[in-house]
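Hello,

Here is the structure I promised to pass on to you. My notes on what turned up in it follow below.

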Amino acid sequence: MSGTIESTMHEMRVFPPPQDKAARLSSMQQYQALQQRFVDDFSGTWGELATQHISWRKPFSTVLDESDAPFYKWFADGQLNVSENCLDRHVAAGLGERTAIIWEGEPGEVRHISYAELLGQVCRAANAMRALGIGKGDRVVIYMPMIPEAAMAMLACTRIGATHSVVFGAFSSKALHERIEDAGAKMVITADGAWRRGAVSTLKPGVDAALASGCATIEHVMVVRRGGNAVDWVDGRDVDWQQALAAQPDVCEPLAVEAEHPLFILYTSGSTGTAKGIVHATGGYLLWARLTMQWVFDFRPQSDVFWCTADIGWITGHTYSVYGPLACGGTTLMYEGVPTFPDPGRIWKICRDHGVTVFYTAPTAIRALIKAGDAWPAKYDLSKFRILGTVGEPINPQAWMWYHDVIGGGRCPVVDTWWQTETGGHMIAPLPFATATKPGSATFPLPGVFAEVVDMEGVPVEHGQGGLLVVTRPWPSMLRGIWGDEARYRRTYWQKFEGRYYFAGDGAHKDDDGYYWIMGRVDDVLNVSGHRLGTMEIESALASHPAVAEAAVVGRPDEIKGEAICVFVVLKQDETEGLRTALRNHVAAEIGPIAKPDDIRFADKLPKTRSGKIMRRLLRDIAAGREITQDMTTLEDLKVIEQLQGKG
Ligand code: WT7
């Protein structure tokens, strides 16, 4: 845990919510009344919301099945189709001409895709996939840049009951390979390339490399033409997306699937081992994506333009770039490129040009934009903003205040949303027109969410005391498991409190007013620029380099990234010129550029306990340049520490 608790304990500023009677939830009384309905009739209330907000092909008769906990099932005997809920339903309601997706390419071209057009394209893609042998339950890996075809590919999977697994386009071919293997995917959908920082970056070679060995389950690779660059082609395996879609009709009957059918798998880092495939189910996920859009963003589909800056490779992009806004029938914005290209005003220019009303980004981006200077946002009229959101890591009060004052003009509520890949959607967040906010606090659990801060025994701690954040009752968009690893699912999330509570892996405290303050991970997971990285993954990547005998990875506080990656390395050989760069590049090739170490320190050995465990707390202190508080017993230890501190 970083220094967040000290800096937030004494935060006294409170911002009352703006009054807006048109808001879906416009007072704390309404929030409390709704939460009380869940207390009084948990499944009845969920059942009512699910009936109201989702179009079911076959209605459900049971809401929550706890008989096989922690494998909870929601609306299990109901049937639905996600693409039908996100598209056909709105077209049938006469909204076919409404813009579903506004897309801006990095070079500046703009596409407005209506609901009717999106439906047609999704149907063509679904037909094309079916013609290539994809059917219900097959896994399809999507390795794509931020182009509308990425959303089309996701929705096309849902139309025919295929389970997608989006892999972030900046992950290495090795990471892609591991995910394809783990998911047993039958198809990869990718693009020839995309625009990044003024040049076309490639994706297809990464796929070719990933498939060069193993991945025997892959039958086809669909390739969207975007970058215009030449790509190697494997005849019989590779299929041109545009050509395949053009050959198909624009109608495709949506397949009704069971509510518990796996909608997608999304890989995320854990504290041990390789990335884990978080499984989300169809019905509960879609319900929560829609409800949180309405509650937390007060989304008004007829007038709002919503922009979530996350890449679809992350859960934020799944729920709030694609499924949430589309399930509501509103307009979502997608941007292809680097947010600071060609200058740090690009984000604000996009917001102005497209009239963005609700804007959602990460604290790391806010901090980088603060550094770029207030002159950039000042150049653009941002008066259309209604609500500003943040996600991914604790937001420091200074960044919150800047967002509120400089970007929101002091008028827009700031919603700091705490959630995880595993939770599917927001869990702890303010309601913009009901909750008084405090800079740095995610405020309260949403209606239907029951969270607590507890000690190691599961007993709620006193207000002001630090503890572990847990969710005490199941919720519809909860993960359904880890793909192919039941034991790891039980162990990671449920073992700590013997199945009673979901263990989130975060530290938190509540203040005297009951506000939740999230303090960061309590496990060996780093949060670098809002991206989750396991220290073990980076350690194994380093250990696979021939010069490395042993490596330990810890986080240290960083002004922009939140956490920076600091690695301590014991070499098998003497340090050679360029070795630091070589190690950084090696980690990038193994995992992806986001995992590149910020600091690399060499030493003769790593500090360990008598039982041989690496003393990580000590390494964290050294990395942060903090005073060493641990007892050092031997002189040998002291020598190592001086080396690691750079004094050796
Ligand atoms: C971890 C989940 C949820 C989408 C993005 C990240 C941290 C997330 C907040 C917040 C403090 C936050 C937690 C959490 N986190 N949002 N508002 N305040 N911390 O998803 O990659 O699954 O990471 O991000 O540590 O456990 P993820």
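**Notes on the model**

Cys-215 is found in the loop between helix H8 (204–210) and strand E11 (220–224); helices (H or I, at least four residues) and strands (E, at least two) are DSSP runs, numbered from the N terminus. Before going on, please keep in mind that this is a predicted model, where local features need pLDDT of at least 70 and side-chain atom pairs count only at pLDDT 80 or more, while totals for chains, interfaces and linings use all residues. Residues are numbered from 1 along each chain as its sequence is written, and side-chain values use heavy atoms, with hydrogens and water left out.

Back to the backbone, then. Most residues other than glycine have a negative phi, and most peptide bonds are trans. Cys-215 has a positive phi, near 50°. Two cis peptide bonds can be listed as well:

- Ala-69 to Pro-70 is cis, with omega near 5°, and Pro-70 sits in the loop between strand E1 (64–65) and strand E2 (73–74).
- Phe-341 to Pro-342 is cis, with omega near 0°, and Pro-342 belongs to the loop between strand E17 (331–335) and helix H12 (346–354).

Now the ligand, which I expect you will want to look at. Its shell has 17 residues, and the closest are Asp-416, Thr-417, Thr-421, Asp-506 and Arg-532; a residue belongs to the shell if one of its heavy atoms lies within 4 Å of the ligand. By class, the shell has six nonpolar, six polar and five charged residues (Ala, Val, Leu, Ile, Met, Phe, Trp, Tyr, Cys and Pro count as nonpolar, Asp, Glu, Lys and Arg as charged, and the others, Gly among them, as polar). Helix H11 (315–327), strand E20 (414–417) and strand E25 (516–521) each give at least two residues to this shell.

Which polar atoms of the protein lie within reach of the ligand's oxygen and nitrogen atoms? A polar side-chain atom of Thr-421 is 2.5 Å from a ligand oxygen, an N or O atom in the side chain of Gln-420 is 2.9 Å from a ligand oxygen, and a backbone N or O atom of Gly-392 is 3.1 Å from a ligand nitrogen. The ligand taken alone exposes 550 Å², and the protein buries 96% of that (Shrake-Rupley method, 1.4 Å probe).

Best wishes

Terms used. Polar contact = N/O pair within 3.5 Å; in protein donor to acceptor, adjacent residues only side chain to side chain.
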